[in-house]
Each structure stands twice: as structure tokens, then as C-alpha cells.
Amino acid sequence: MFENALKKSLEIGGRTLTLETGKMARQASGAVFGSYGDTQVLATAVGSTEPREGIDFFPLTVDYEERLYAVGRIPGGFIKREGRPTEKAILSARITDRPLRPLFPKGYKNDVQVVITVMSVEQDNAPDILGINAVSAALHLSFIPFMGPIGAVSVGRVDGEFVINPTVEQNEKSDLFIAMCGTKDAINMVECKADEVSEDVILDGLMFGHEVIKKIVAFIEDFRAEALARGIAAEKLEFVKPPFDPALEAEVKPLAAAKYDEVYKKCAGEKIPKKEREELFAAVQDEIVAKYEEDHADDADFIGEVKEIIGAAQKETVRRIIASEKLRVDGRNVDEVRPISCEVGVLARTHGSSLFTRGETQILNVCTLGSLSDEQILDGLGIEDSKRYMHHYNFPPYSVGEARPMRGPGRREIGHGALAEKALLPMIPPETDFPYALRLVSEAIASNGSTSMGSVCASTLSLMDAGVPIKAPVAGVAMGLIKDNDDITILTDIQGLEDALGDMDFKVAGTAQGVTAIQMDMKIAGITREVFVEALAQAKKGRMHILGKMLEAISEPRAELSQYAPRILNTKVHPDKIREIIGSGGKTIKRIVEETGAKIDVEDDGTVYIASVDAQKGEAALKIIEAITEDVEVGKIYEGTVVKIADFGAFVQIIPGILDTPGKDGMVHISELMRKRVEKVTDLLKEGDVIAVKVLNVDPQGKVKLSRKAAVADGIPEGIVESMHGSKAAELLK
């Protein structure tokens with residue numbers, strides 16, 4: 001039945017990459033079942049044969065579907081099926097979309113949908129990288145005019161040596177992780193996180209990865225050629241964007257170009273703000289379109305073509321001026337950062353806050369500290385089930401002067417938040433040194449380019465304002481590129497217009513010592529090593545300038561946490577003692593929380609975290625827990641209370657009970673009361689008396705043998721000799 005099915009393999013990074021087609025999902029335009037180790041995905045591509053009417057963009061949809069059966073799990077909740085995509089699935093869809101989108105013909109408006117369904121996951125082999133390779137092959141097999149294929153790999157560095165597609169163990173030892181895609185000629189997508197690694201190391205890693213990408217691209221080319229021979233691949237649809245009407249273009253384009261040249265240079269010379277600049281640019285189109293609407297008011301296609309010609313003229317004019325004259329729309333030099341203002345402590349009751357302003361882009365960032373139980377629980381296919389450091393990014397419509405409905409975060413917001421999180425993560429102190437959950441929220445309250453890198457800068461400022469002992473401050477800068485024939489211009493700190501009309505968005509974040517995160521997207525086929533070298537060097541210069549401005553506002557983390565932040569104490573008990581803290585049905589720990597108001601988290605290894613905004617109540621909770629879990633020590637002298645008299649001796653409580661927990665008692669035999677003979681215990685003691693006793697022995701059954709005689713022999717007078725944790729806590733609670 002599947003006699004024409006094709007299956008081919010290639011060794012990559014010491015493991016086998018296998019692509020198979022002609023067997024599954026045969027109704028799709030292209031379908032590939034990909035395997036890498038025991039990780040397996042089904043990648044499909046479907047394209048419509050007719051363009052979608054009334055749009056001015058390429059309608060590409062990328063879906064990344066995680067199935068929990070891939071890791072042998074049943075979804076939680078009442079519905080018991082997968083719901084909305086996880087954050088990891090959204091990010092995986094984004095890194096698939098970004099390298100694919102530039103490789104479709106300009107003007108192509110047919111719907112294209114690619115779906116990657118993750119069906120089996122071996123944690124050492126990432127499904128997202130496999131998915132990109134499989135969907136690249138699926139598109140290449142289809143009739144869809146895709147100018148690929150592309151290949152994808154990840155690169156790590158262990159003990160100074162680069163590793164392709166590092167395993168979980170290798171990732172733990174690696175100081176660098178790069179997810180990258182490219183064609184046989186150039187790299188066109190980079191997602192990188194690093195532990196203050198130098199630009200030279202990252203560049204070498206990119207070149208190392210690209211050599212492997214070339215092998216994958218050649219493998220996919222061979223895969224298509226053999227599939228064509230078997231009749232299970234399609235001939236490509238020939239698509240050429242219809243040319244403009246020559247007479248109309250000759251009439252409209254020079255007019256529009258001249259007007260845009262004038263407006264652009266006026267804006268650059270007078271440094272006109274974004275909103276006014278947009279109005280001036282829009283007025284050019286309105287003026288020219290108005291000339292034709294009188295005679296062609298009912299011809300929407302004609303007016304649409306006029307607008308397209310005007311748009312093309314604007315793009316060509318702006319790019320030409322930047323490339324040839326090195327003149328930017330706000331009058332800056334190509335390597336100049338916009339004016340920067342940094343403030344901290346801008347919100348009264350938050351734990352940390354900052355306002356970072358760069359040109360017309362503004363980020364208000366807020367840092368919130370919580371107990372470790374506030375960490376985010378992850379329900380996905382990865383090995384991580386929680387994270388304590390979170391960064392969320394919001395982009396309200398007013399930030400660009402628009403009025404539109406407020407929805408939940410989209411893919412862009414999630415991607416920007418993840419990038420800022422990645423940039424700061426290496427600088428966050430470990431849980432052992434700073435036992436807090438941290439949530440950073442970046443509100444993009446005004447936007448004219450590079451809000452994601454503004455979020456990195458604002459996050460650093462609010463972390464330091466909150467008193468979080470970060471290892472080093474981090475800054476970020478967005479770089480752009482204009483390629484006009486062979487003339488390449490790299491721009492520092494790009495704004496909205498340069499991003500929209502440029503060829504590259506290259507974001508670099510890091511400390512003074514090295515890079516912590518990179519994200520690169522291309523609108524052209526890719527860039528060469530030489531361009532990478534120049535862009536990274538220019539980005540470092542910009543980053544260092546921004547860092548200097550940030551440190552003028554706050555040079556180091558505050559010595560004390562905000563008065564509104566919880567204070568977290570911790571202690572370590574033997575794991576067997578956890579049940580004593582929890583109590584039957586959780587009664588004990590609930591009582592401690594009710595009495596003190598503190599938040600208590602108990603880890604499986606016996607570590608206890610106590611969080612309370614009121615430091616005194618946190619101390620009270622700690623003393624209670626120490627009293628509950630305290631063991632009787634042989635040889636130690638205690639202050640004890642006589643709780644029962646017997647003929648043969650007295651029972652003395654040496655560790656008082658607290659809340660619902662019983663105290664710890666021991667017995668003083670009549671012979672251990674005094675050096676001389678005591679006829680009757682009641683001659684010396686009565687219930688309620690406080691005496692000093694020494695622990696002589698604790699037998700295997702837990703019975704405690706005490707001696708008043710031994711305590712006195714050690715020079716302890718009658719009365720209180722040592723304050724107990726329990727009595728201290730009880731006093732605090734009163």
C-alpha cells in the first residue's frame with residue numbers, strides 16, 4: 001500500500017535524523033514524519049491554490065501542537081485533553097515561523113498553513129529543532145513556492161568545545177545555547193542564550209552550526225529529488241508577482257519618491273516626533289491618491305495599485321537615503337543611541353519599579369518578590385516542571401496611539417517576554433542564596449521600536465531597586481540592517497520605521513563582560529560572517545553606552561529589600577520531621593499560619609521556607625517550627641517543668657508543647673533528685689515547679705532519663721538555666 005514511501009537518514013551530532021514521506025497524512029500538500037533518536041514529529045504543509053482577496057500580507061499560519069501522550073502523560077483538569085498552547089509551544093511556533101516567512105515570494109497571498117505535531121519526545125533530542133527540519137522538507141516536497149529548504153540545529157559549548165544538538169546533560173554544563181536556522185548560503189534566524197559569553201565565541205558557534213545546516217539542506221534537497229522520482233512530491237507552482245502597470249508606475253513612482261525624499265529629510269533635519277512624522281508620510285499618500293480618486297472612485301483595484309506603487313516608492317526612498325547618505329529619519333548617526341532617561345522607585349507600594357525611556361520608547365517595569373510556592377508550574381513536554389523567575393510583557397494599544405480592544409497576550413507579547421527573561425536569567429541569584437520567586441512585568445507604555453530590549457534594561461533597574469542581588473546589570477540594544485545592492489548599512493537602536501522597512505532585526509543583550517541573549521530575524525535570505533562581525537561589534541558599543549546611563553540611576557542593588565516585600569527565613573530539618581510540621585491532615589502547619597500570618601513552604605529534603613512581610617511574625621513561625629522539630633540532646637541541661645509526681649520520681653517536660661503538638665517529657669528517678677537520699681519526691685517537688693535537669697540517656701523507645709543531681713553537679717543553680725525555643729515562640733505569640 002505504501003510501496004512508494006520514502007525514508008532517508010542522516011547522522012547529525014552523533015544521532016540519526018530520519019525523514020519519511022508518502023505514508024502519513026497523504027492529503028496534505030506536503031507531509032514528513034521526522035525522527036531524531038526517539039523524538040518524533042509529524043510535519044505537514046497545506047497551501048491554497050487561489051490568493052486570498054483583500055489583503056496586503058502573506059497569510060502564513062504556523063501551529064506547533066504538543067501532545068502529552070508524547071511523554072506518557074494524561075492531561076490534568078476535568079476535560080482531560082490538551083487546551084490552549086503552552087508558552088513553550090508558542091515560542092516553538094515562533095522560531096519555526098521566523099526563518100520560513102522570508103523565503104516565500106514577495107506578493108504571494110495564497111494561504112499556507114504548516115502544522116508540527118509532537119508525537120514522541122526523548123528529552124535529549126529537542127522536538128522544536130526536529131520540527132523545523134521536518135516542516136522545511138514538507139514545504140519543499142509540496143507545490144508551494146517555498147524558496148528553501150532550510151536546516152536547523154542547536155549549538156552548545158561544553159569545556160570550550162562546540163556541540164551540535166546538546167543533550168540535557170551537556171546543556172547543564174554548557175555556557176552557551178544557540179538555536180539557529182539557515183539556508184545553504186547564510187544564517188537567517190538565531191535564538192541564543194549565554195552566560196556572559198564573548199561575541200567572538202558566539203560568532204564561532206554560529207559558523208560551526210551553519211556547516212551542519214548546509215549538510216541538512218543538501219539532505220533535504222536529495223530527499224525531494226528522490227521523492228519526485230517516486231511521484232510523491234509535487235512540481236513547484238510558478239509564482240511571479242504581477243508587475244505594476246508601466247505607465248501608471250512611471251507616472252506615480254517618481255512623484256511619490258520626490259515627495260518622500262523631501263518629507264524624510266525634513267523629519268531628519270527638524271527631528272520631528274513619530275506621530276507628526278507618520279502624519280506627514282500619510283499625507284503624501286493621501287495627496288497622490290486624491291488625484292486619481294476623482295476619475296477612478298469606483299475602481300478599487302486601480303486605487304489599490306496606486307497605493308502599492310506609493311508604498312514601494314516610500315520603501316525604496318527611505319532605504320536609499322539611509323544606505324547612500326547614512327541619514328536616519330530622526331537625524332542620528334548610524335551607530336548612535338537615542339537619548340536615554342532612567343528612573344527607579346517610581347511606584348509607591350511595589351517591591352521594585354523602574355521607568356526606562358529611550359527616545360519615544362518607554363517601558364515601565366515592576367518587580368514582585370514572592371515565596372517559592374509562587375513559582376510557575378509548567379505543564380508541557382519538557383523536563384522542567386516549574387520556574388521561579390518569570391518575565392511578562394504587555395503591549396497595550398495606547399503605546400502606539402491606537403484605540404482597539406484589549407485581548408490576552410499574543411505570540412509577539414509572549415516572545416518578547418521570553419527574550420527579556422532569557423537575557424536576565426543568568427544574572428538571577430540561585431535559590432540557595434535568594435529563596436524567592438520573582439515576577440517581572442514590562443508595560444510598554446510608549447513604543448517606537450525595540451520595546452523588548454527596553455524591557456531588558458527596565459528589568460535590570462527594577463531588580464536592583466527591589467534589592468535583588470543580581471550578579472551584574474544587563475542592557476539590550478536592537479540593531480537593524482539596510483541592504484541596497486552591495487551597500488550594507490548597520491543601524492544601532494532601530495526605531496519603528498527602520499524596523500518595518502529594513503532587512504534585519506538583530507537584538508543583543510548582555511553585561512559588560514559578555515552576551516546573555518541574542519535574537520535575530522531576517523527579511524532577506526541571510527547575512528554573512530562579515531556582517532555578523534560588524535553587527536556584534538556595533539551592538540557591544542551601543543550596549544555599553546546604555547549600561548552607563550542605567551548605572552547613573554542606580555549603580556548596584558539596594559542593600560535592603562522593600563518594606564513591602566516578604567522576608568524569607570529558612571531552616572533545615574530532618575526529612576522524618578516533616579510530618580511533625582505538617583501534622584495530622586495539615587492541622588499543625590495551618591495553625592502556625594493562622595497564628596503568625598506567615599507563609600510556609602516545606603520541601604521534600606527538609607528545607608523549610610518561611611515568608612512574612614512582618615519580620616517578627618516570621619521569626620515567631622521559625623521558633624515554633626524549631627520547637628516542634630527539636631530533638632532531645634544527651635548531655636544537655638534543660639529548664640523543665642514538673643508535670644507529674646510518682647512514688648519513684650518526677651516526670652519533667654523539658655521541651656514544651658506548642659499549638660497542637662505535644663511536648664517532650666523525661667523522668668527524674670528519685671535517686672537523681674539530690675546527692676543525698678530523698679525519702680519522698682513530694683518532700684522536694686510539686687507539679688508546676690521549674691527545675692534544671694540534665695539528659696542522661698534516650699533509649700531506643702525514645703524514653704528520656706533525666707537527672708537534677710547531675711545538673712547541680714555541673715554548677716547549675718536552681719531556677720531557669722536555658723530559654724527554650726518553644727517558650728520564646730509562645731511568648732512572641734502572646
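Tutor: Phe58, Phe104, Tyr108, Phe146 and Phe239 form one aromatic cluster. Please note that this is a predicted model, in which local features need pLDDT of at least 70, side-chain atom pairs count only at pLDDT 80 or more, and totals for chains, interfaces and linings use all residues. Residues are numbered from 1 along each chain as its sequence is written, and side-chain values use heavy atoms, with hydrogens and water left out.

Student: How many aromatic pairs are there by the rule?
Tutor: The count comes to eleven aromatic pairs. Rings of Phe, Tyr and Trp (its six-membered ring) pair if their centres lie within 6.5 Å; planes under 30 degrees apart count as stacked, over 60 as edge-to-face and the rest as tilted.

Student: What do Phe506 and Phe532 form?
Tutor: Phe506 and Phe532 form an edge-to-face pair, with 5.9 Å centre to centre and 75 degrees between the planes. Phe506 lies in strand β20 (residues 504-510) and Phe532 in helix α11 (residues 529-553), so the pair ties together parts that are 26 residues apart in sequence. Helices (H or I, at least four residues) and strands (E, at least two) are DSSP runs, numbered from the N terminus.

Student: Is Phe506 buried or exposed?
Tutor: Phe506 is buried, at 1% relative accessibility. Phe532 is buried too, with a relative accessible area of 0%. Buried means under 20% relative accessible area, exposed over 50%, and partly exposed in between (1.4 Å probe, protein chains only).

Student: Now the backbone. Which peptide bond is cis?
Tutor: The bond from Gly148 to Pro149 is cis, with omega near 5 degrees. Pro149 sits in the loop between α2 (127-141) and β7 (151-158).

Student: And what is the phi of Lys80?
Tutor: Lys80 has a positive phi of about 65 degrees, although it is not a glycine. Lys80 belongs to the loop between β5 (60-66) and α1 (87-100), and Lys80 is partly exposed, with a relative accessible area of 48%.

Student: What about the phi of Lys326?
Tutor: Lys326, a residue other than glycine, has a positive phi near 55 degrees. Lys326 is found in the loop between α7 and β11 (340-344). Lys326 is partly exposed, with a relative accessible area of 37%.

Student: One last topic: where is Asp301?
Tutor: Asp301 lies in helix α7 (residues 300-325). Asp301 is exposed, with a relative accessible area of 67%.
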